[in-house]
Amino acid sequence: MKFASLDELRTYRNTLLTESDLWLLPDFPLAVDQELLMPSILAYRLQLRNWPAVEDNLDEATVPAKPTGI
C-alpha cells in the first residue's frame, strides 16, 4: 500500500485499530471461539501500534495482516 506521508499511514493505522476495538468486546460475534482468537487479535493490534516505527518504505508499505476468523 502506498502512503504520501507517515501521518497518512498513522491515520490509516488508527482506522484499523478502531475497527479492531470491536473484536475485544465480549459480545462481538467471532467465527471461532474468542479465547482461541485473542492471542492473534492482541498480536495484530501490537503490530498495528508498532507499524509506523518499523515501516521504512511508504511507497510499498506492508499492512499487518488481520487475524483469520474475524
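Helices here are DSSP runs of H or I with at least four residues, strands are runs of E with at least two, and both are numbered from the N terminus. Valine 54 lies in helix α2. This residue is exposed, with a relative accessible area of 61%. Exposed means over 50% relative accessible area, buried means under 20%, and partly exposed falls in between (1.4 Å probe, protein chains only). Valine 54 and tyrosine 12 are 42 residues apart in sequence, and their C-alpha atoms are 15 Å apart in space.

The model is predicted: local features need pLDDT of at least 70, side-chain atom pairs count only at pLDDT 80 or more, and totals for chains, interfaces and linings use all residues. Residues are numbered from 1 along each chain as its sequence is written, and side-chain values use heavy atoms, with hydrogens and water left out.

## Overall picture

The protein has 2 helices and 0 strands. Its C-alpha trace spans about 40 × 15 × 15 Å along the principal axes. There are 70 residues, and 30% of them count as buried. The accessible surface comes to about 4700 Å². Carbon and sulfur atoms hold 55% of that surface. These areas come from the Shrake-Rupley method with a 1.4 Å probe; for residues, only the protein chains shown count as cover.

Contact means heavy atoms within 4.5 Å. Among the contacts with a separation of 6 or more, 62% join residues 24 or more positions apart.

## The nonpolar core

A nonpolar core is a set of buried Ala, Val, Leu, Ile, Met, Phe, Trp, Tyr and Cys residues joined through side-chain atoms within 4.5 Å. The largest one has 13 residues. Phe3, Leu9, Ile41, Tyr44, Leu48, Trp51 and Ala61 touch the most other members. Helices α1 (6-21) and α2 each supply at least two residues of this core. The largest share, 6 residues, comes from α2. In soluble globular proteins, nonpolar side chains tend to be buried together.

Which residues does tryptophan 51 touch, not counting those up to four places away in sequence? They are Phe3, Leu9, Tyr12, Arg13, Ala61, Thr62, Val63 and Pro64.

Lys and Arg count as positive and Asp and Glu as negative; His and the chain ends are not counted. A salt bridge is a side-chain nitrogen of Lys or Arg within 4 Å of a carboxyl oxygen of Asp or Glu.

Glutamate 55 sits in the segment after α2 (34-54). This glutamate is buried yet has no salt bridge. The nearest side chain of opposite charge, arginine 13, is 11 Å away. What does the side chain of glutamate 55 make a polar contact with? The partner is the side chain of tryptophan 51, at 2.8 Å. A polar contact is a pair of N or O atoms within 3.5 Å; within protein, one must be able to donate a hydrogen and the other to accept it, and residues adjacent in sequence count only if both atoms are side-chain atoms. The side chain of glutamate 55 also reaches the backbone nitrogen of threonine 62 at 3.1 Å. Beyond residues up to four places away in sequence, glutamate 55 touches Leu9, Glu60, Ala61 and Thr62.

Arginine 13 belongs to helix α1. Arginine 13 is buried and has no salt bridge either. Its nearest side chain of opposite charge is aspartate 7, 8.6 Å away. Leaving aside neighbours within four places in sequence, arginine 13 is in contact with Leu48, Arg49, Trp51 and Pro52.

## The salt bridges

Side chains of opposite charge can pair when their charged atoms come close. A search of the whole structure finds 3 salt bridges.

| Pair | Closest N to O |
|---|---|
| Aspartate 7 and arginine 10 | 3.7 Å |
| Arginine 45 and aspartate 21 | 2.8 Å |

Aspartate 7 and arginine 10 both lie in helix α1, 3 residues apart, about one turn of the helix. Aspartate 7 is exposed, at 54% relative accessible area. Arginine 10 is partly exposed, at 32%.

Lysine 66 is partly exposed at 44% relative accessibility, and glutamate 19 is partly exposed at 34%.

Arginine 45 forms a salt bridge with aspartate 21. Arginine 45 lies in helix α2 and aspartate 21 in helix α1, so this pair ties together parts 24 residues apart in sequence. Arginine 45 is buried at 12% relative accessibility, whereas aspartate 21 is partly exposed at 37%.
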